[in-house]
Amino acid sequence: GDEGSRCASGSSDVDAILTVMADVAGAKLELDGAGDAVDGRDTVAAAGRAAGDCLAAALGDRTGCVGWGNGAAGAASAAINLRPERPGLYWDARFADEYLEGGLATEHVERMFRCLCDGAYVSLHVWSTGSGAGDDALAADVGRAVGAALRGATECV
């Protein structure tokens, strides 16, 4: 069918962020995982790395695409380079609280995207624009902004 992404990492917050990112990017991501009953740290790392590995496989040798893209959504913006000299995450998104409503530590959102960068071998810069929409909205906006940047970066040249 023409269904969207389906993520089942064991964390509803991780699933929501990765699903919206993939859907905005125009990709279909299917992710299954057991989840980490302690603090979500391993769940986040595994989900981010798996999403990054999927992205790397989908990109192949990365020829024929623009290679860089920018995206913005609500309180977040992102820029991505698919062919960096050095992959990595440059994070400047600021959460107000320690946890999202689903229980995920806000510090783990950054960790997830860092692992995604490692898996995909990309350079990603994420920042918040300070609109004060709340942490759950910011996490979703980060997913949307990264998805929009990915969509732009993967356009054919």
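Q: In the hairpin of strand 3 and strand 4, which residue takes a positive phi?
A: A friendly note before we start: this is a predicted model, where local features need pLDDT of at least 70, side-chain atom pairs count only at pLDDT 80 or more, and totals for chains, interfaces and linings use all residues. Residues are numbered from 1 along each chain as its sequence is written, and side-chain values use heavy atoms, with hydrogens and water left out. The hairpin has two residues between its strands, and the one with a positive phi, near 55°, is Gly74.

Q: How many bridges join strand 3 to strand 4?
A: Strands (E, at least two residues) and helices (H or I, at least four) are DSSP runs numbered from the N terminus, and two strands pair if DSSP finds at least two bridges between them. Strand 3 covers residues 68–73 and strand 4 covers residues 76–81, and they run antiparallel. The number of bridges joining them is six.

Q: Which residue of strand 6 stands opposite Ala79?
A: Let's follow Ala79 across the strands. It is the bridge partner, in strand 4, of Asn70. Strand 4 also pairs with strand 6 (residues 123–128), in the antiparallel sense over six bridges. There, the residue opposite Ala79 is His125.

Q: Which helix supplies the largest share of the lining of the largest pocket?
A: A pocket is an open set of points on a 1 Å grid over the protein atoms alone, where a 1.4 Å probe fits, with protein on both sides within 12 Å along at least five of seven lines; lining residues have an atom within 4 Å of a point. The largest pocket is lined by 17 residues, and those nearest its centre include Cys54 and Leu55. Helix 1 (12–25) and helix 2 (41–59) each supply at least two lining residues. The largest share, five residues, comes from helix 2.

Q: Why does the radius of gyration of the protein chain agree with a compact globule?
A: The radius is taken over C-alpha atoms, and the globule rule is 2.2 Å times the number of residues to the power 0.38. For 157 residues, a compact globule would come near 15 Å, so the chain agrees with its value of 14 Å.
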